[in-house]
Amino acid sequence: MGDLKPIVPAKYCLHCGNRMKLRIPPGDNIYRAVCATCGFILYENPKLLAACILFSGQKVLWVKRARPPYVGLWAMPGGYVELGETVEEAASRELSEETCVVISPGELSVYGVVSIPEINQIFISLIAPLPSMNFKATEETLDVKLAGISDISPAEYAYPPGAERWIQLLYDRLRSGNAANMPAIIRTVRSSLA
Ligand SMILES: [Zn+2]
């Protein structure tokens, strides 16, 4: 990692407004944007996203995205975890914003962790039975549907090709009837492996 010199992620210091320079801070081994004036170091880390898997029998609740990226493609309800929020609170909030389904954060269990290092994102997916059939599209979604494995074709998902196997595994687990109580899955999605 340290020998890859990245593009300066910020030109100017967030604290004092002076120029940032790329350097490896003492005791570190990765290039960071460092303020030459006040010494502020910009640490950049992957973005954390929370996703909801709400199931009914062998079907899963999917949303058709209305906002970029991937407009018109199907995704699990979810989005970025905001500052001050827990993962389960973020999942619950995004779920109601995108589908009108209300579920309390405490009812969600960890299903899996998917890292997509190429785009610096980590998804934590949480699972629960769908509490009601009162779901509908909102201003953030074009459509919401409860779909089985064959109801959405691989090209219609808002995920890189490597995610297909992970979606298949989800439906396999649902078929077993115990998907919400199985050990969490840890996966890495890399488009180069698809
Ligand atoms: Zn500064």
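In what order do the elements of the protein chain run from the N terminus on? They go β-β-β-β-β-β-β-α-β-β-β-α-β, which makes 2 helices and 11 strands. Helices here are DSSP runs of H or I with at least four residues, strands are E runs of at least two, and both are numbered from the N terminus.

Two notes before we go on, everyone. This is a predicted model, where local features need pLDDT of at least 70, side-chain atom pairs count only at pLDDT 80 or more, and totals for chains, interfaces and linings use all residues. Residues are numbered from 1 along each chain as its sequence is written.

Now the overall picture. The C-alpha atoms fill a box of roughly 60 × 35 × 30 Å along the principal axes. Of the 194 residues, 27% are buried, meaning 20 or more other C-beta atoms, placed from the backbone, lie within 10 Å of a residue's own.

Let's look inside. A nonpolar core is a set of buried Ala, Val, Leu, Ile, Met, Phe, Trp, Tyr and Cys residues joined through C-beta atoms within 7 Å. The largest one has 35 residues, and Cys52, Ala91 and Leu126 are among those with the most contacts inside it. At least two residues each come from β4 (47-56), β5 (59-65), α1 (87-99), β8 (109-116), β9 (121-129) and α2 (164-176). The most come from β4, which gives 7.

So what does Cys52 touch, leaving out residues up to four places away in sequence? Its partners are Met76, Pro77, Gly78, Ala91, Glu94, Leu95 and Leu126, with contact meaning C-beta atoms, placed from the backbone, within 7 Å. Finally, a second, separate core of 5 residues includes Cys13, Met20, Ala33 and Val34.

Definitions and conventions. A residue is buried if 20 or more other C-beta atoms lie within 10 Å of its own, exposed if 12 or fewer, and partly exposed in between; C-beta atoms are placed from the backbone. Two residues are in contact if their C-beta atoms, placed from the backbone, lie within 7 Å.
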